[in-house]
Amino acid sequence: MSADISESEPVYGDTLIASEQTIAAQVKPKTDLIKEIALACKQCNSSSNLQPLSGRYGYFVKCGNCTANTPMKMPCPNCSSSNTKTSKRRESYSLVCKDCEISTPIKL
């Protein structure tokens, strides 16, 4: 007894190629989403003369014009999630979203 199995054409070949093209079109690289966050004083709305500091509740900037403190922590600019963290590496600060895993630089 010998059984010959013959297929005229592959069954899943076309659907696999179409789904790979659809997935590639939907995925955007993370570098396209990176923007820069410009901080401004919450009291006088000035973006110049800001001094970065750290304290008990995290990183913040102190305004040189009105001496008000403004936190660096804010919602994610990409997904609007409030599950964010401000991190510092040498002299640069960034906002890291824990939900969408995107790090956005903060401009001082």
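Tutor: Start with the contacts. Among those in the protein between residues at least 6 apart in sequence, 31% join residues at least 24 apart. Keep in mind that the model is predicted.

Student: Which elements does the protein have, and in what order do they run?

Tutor: There are two helices and seven strands. From the N terminus on, the order is α-α-β-β-β-β-β-β-β.

Student: How much of the protein is made up of buried residues?

Tutor: Buried residues account for 20% of the 108 residues.

Student: Why is Ser-94 called buried?

Tutor: Its relative accessibility is 15%. Buried means under 20%, so Ser-94 qualifies.

Student: Where is Ser-94, and what does Ser-94 touch?

Tutor: Ser-94 sits in strand β6, residues 92-97. Leaving out residues up to four places away in sequence, Ser-94 touches Lys-85, Thr-86, Ser-87, Ser-103, Thr-104, Pro-105 and Ile-106. Ser-87 stands opposite Ser-94.

Student: What makes β5 and β6 a pair?

Tutor: Six bridges join them. Pairing needs at least two, so β5 and β6 count as paired. They run antiparallel.

Student: What joins β6 to β7?

Tutor: Four bridges do, and these strands run antiparallel too. Val-96 stands opposite Ser-103 in β7. The two strands form a hairpin with five residues between them. In the turn, Glu-101 has a positive phi of about 60 degrees.

Student: What makes β1 and β7 a pair?

Tutor: Two bridges join them. The requirement is at least two, so β1 and β7 pair. They run parallel. Ile-37 has Ile-106 in β7 as its bridge partner.

Student: In what order do the four strands of the open sheet lie?

Tutor: The order is β1-β7-β6-β5, with mixed pairing.

Student: What makes β1 and β5 edge strands?

Tutor: Each pairs on one side only. Their ranges are 37-38 for β1 and 84-89 for β5.

Student: Which side chains of β7 point to which face?

Tutor: They alternate along residues 103-107. Thr-104 and Ile-106 point to one face and are buried.

Student: How many aromatic pairs does the structure hold?

Tutor: It holds one. Tyr-59 and Tyr-93 form that pair, which is edge-to-face.

Student: How do you know that Tyr-59 and Tyr-93 form a pair, and why is the pair called edge-to-face?

Tutor: The centres are 5.4 Å apart. The limit is 6.5 Å, so the rings pair. The planes stand at 70 degrees.

Student: Which parts does the pair tie together?

Tutor: Tyr-59 lies in strand β3, residues 58-63, and Tyr-93 in strand β6. The pair therefore ties together parts that are 34 residues apart in sequence.

Student: What makes Tyr-59 partly exposed?

Tutor: The relative accessible area of Tyr-59 is 27%. Buried is under 20% and exposed is over 50%, so Tyr-59 falls in between.

Student: And why does Tyr-93 count as buried?

Tutor: Tyr-93 has 6% relative accessibility. The cut-off is under 20%, so Tyr-93 is buried.

Student: Which residues line the largest pocket?

Tutor: Gly-55, Arg-56, Tyr-57, Gly-58, Tyr-59, Phe-60, Pro-71, Lys-73, Thr-84, Lys-85 and Thr-86 do. β3 and β5 each supply at least two residues of the lining. The pocket holds about 190 Å³ of space.

Student: How does that lining divide by residue type?

Tutor: It has four nonpolar, four polar and three charged residues.

Student: Is Asn-45 buried or exposed, and how do you know?

Tutor: Its relative accessibility is 60%. Exposed means over 50%, so Asn-45 is exposed. Asn-45 lies in the loop between β1 and β2. Its C-alpha atom is separated from that of Cys-66 by 10.0 Å, and these residues are 21 apart along the chain.

Student: Why is Ser-46 called buried?

Tutor: Its relative accessible area is 13%. That is under 20%, so Ser-46 is buried. Ser-46 also belongs to the loop between β1 and β2. Setting aside neighbours within four places in sequence, Ser-46 is in contact with Ala-40, Cys-41 and Asn-65.

Definitions and conventions: Residues numbered from 1 in each chain as written. Predicted model: local features only at pLDDT ≥ 70, side-chain atom pairs only at ≥ 80, totals over all residues. Heavy atoms only, no water. Buried < 20%, exposed > 50% of the residue type's maximum accessible area, 1.4 Å probe, protein only. Contact = heavy atoms within 4.5 Å. Phe/Tyr/Trp six-rings, centres within 6.5 Å; stacked < 30°, edge-to-face > 60°. 1 Å grid on protein atoms, 1.4 Å probe; cavity = no way out; pocket = protein on both sides within 12 Å on 5 of 7 lines; lining within 4 Å. Points joined across faces, edges and corners; volume = space filled by probe spheres on them. Nonpolar A, V, L, I, M, F, W, Y, C, P; charged D, E, K, R; others polar.
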